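These are my notebook entries on a single structure. I set down what I looked up, entry by entry.

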Amino acid sequence: ALSERAPSSLGVATFPMDGTELEELTRQADVRLYASRHGRPESGGALPSERLSWAAALAHAVDVRMDSDHEHSRAVADCTVSIASSLGWQGERLGMLRVAAMLHDVGKVTVPDGILRKPGPLSVNEWVTIKEHPGNGAELVSRIEGLETIVPWIRHSHESYDGSGYPDGLRGEEIPQAARILRVADAFDAITSSRSYHDGHSI
């Protein structure tokens with residue numbers, strides 16, 4: 001509407017797809033602003049902010065249930081983006097990976113608090129419940145228009161390269177690269193942060 005009245009150049013960044021910090025969002029908006037000035041607006045555009053807003057809120061709710069002192073989803077997202085960037089991921093694909101990282105544990109909304117916060121080892125039945133959460137999370141995300149790409153990334157974010165992961169026991173290259181990156185970032189944060197069942201290790 002503004003461009004119909006006067007020449008204008010705009011740069012837009014969306015939380016959390018383009019970043020979780022003000023500095024990141026501002027930098028991304030600046031990049032798009034300069035691209036717009038030179039007639040090269042980025043293709044694709046951002047997903048509707050209201051969808052991402054509730055997704056981020058849901059991820060935060062899971063973090064609070066697990067440990068109110070640690071923002072696990074955000075930490076995994078930051079680590080995931082760092083790894084993927086070093087592997088050459090960029091643009092829209094990298095933004096989608098950030099969203100997947102924020103939502104990788106969203107299926108835990110279906111897991112009882114008693115299991116999520118249990119200080120000791122889980123029983124066999126409790127492990128069965130835990131192993132269902134990536135599939136449940138993928139199912140939840142599949143209902144959000146525009147996030148179809150990241151559904152398999154979330155479903156397979158707890159697979160292990162040796163085939164010992166879940167829910168499908170995939171191994172090696174069978175696991176999508178995005179899911180392998182998520183797995184590494186998730187494991188790193190789990191090892192270095194303190195939980196109800198273990199103390200975090202230093203880097």
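This is a predicted model: local features need pLDDT of at least 70, side-chain atom pairs count only at pLDDT 80 or more; totals for chains, interfaces and linings use all residues.

Is tyrosine 166 buried or exposed? I looked up the relative accessible area of tyrosine 166 and found 14%, so the residue is buried; the cut-off for buried is under 20%.

**Entry: the partner of tyrosine 166**

I then searched for aromatic pairs and found that the structure holds two. I placed tryptophan 127 in helix α6 (residues 124-131) and tyrosine 166 in the loop between α8 and α9, so the pair ties together parts that are 39 residues apart in sequence. I also checked the accessibility of tryptophan 127: at 39% it counts as partly exposed.

**Entry: tryptophan 89 and tryptophan 153**

Next I turned to the pair formed by tryptophan 89 and tryptophan 153, which is edge-to-face, with 5.8 Å centre to centre and 70° between the planes. I located tryptophan 89 in the loop between α3 and α4 and tryptophan 153 in helix α8; the two are 64 residues apart, and their pair links distant parts of the chain. I recorded both tryptophan 89 and tryptophan 153 as buried. I also looked for a charge at the ring and found arginine 93 over the face of tryptophan 89, at 3.5 Å from the ring centre.

**Entry: helix α9**

Which elements do the buried residues of α9 pack against? I found α3 (72-86), α4 (91-102) and α8 (151-155). The helix itself covers residues 177-192, which makes 16 residues. I listed its buried residues as Ala178, Ala179, Ile181, Leu182, Ala185, Asp186 and Asp189. They cover an arc of only 155° around the axis, and therefore lie on the same side of α9.

**Entry: threonine 20**

Finally, I looked up threonine 20, whose place is in the segment before α1 (22-37). With a relative accessibility of 11%, threonine 20 counts as buried. What does threonine 20 touch, leaving aside residues up to four places away in sequence? I noted Phe15, Arg74, Asp78, Arg98 and Met102. For aspartate 78 I also took the separation from threonine 20: 58 residues in sequence, and 8.4 Å in space from C-alpha to C-alpha.

How values were computed: Residues are numbered from 1 along each chain as its sequence is written. Side-chain values use heavy atoms; hydrogens and water are left out. Helices (H or I, at least four residues) and strands (E, at least two) are DSSP runs, numbered from the N terminus. The expected span of a helix is 1.5 Å times one less than its number of residues. Buried means under 20% relative accessible area, exposed over 50%, partly exposed in between (1.4 Å probe, protein chains only). The arc is that of the directions from the helix axis to the C-beta atoms. Contact means heavy atoms within 4.5 Å. Rings of Phe, Tyr and Trp (its six-membered ring) pair if their centres lie within 6.5 Å; planes under 30 degrees apart count as stacked, over 60 as edge-to-face and the rest as tilted. A charge sits over a ring if NZ of Lys or CZ of Arg is within 6 Å of the ring centre and within 35 degrees of the ring normal.
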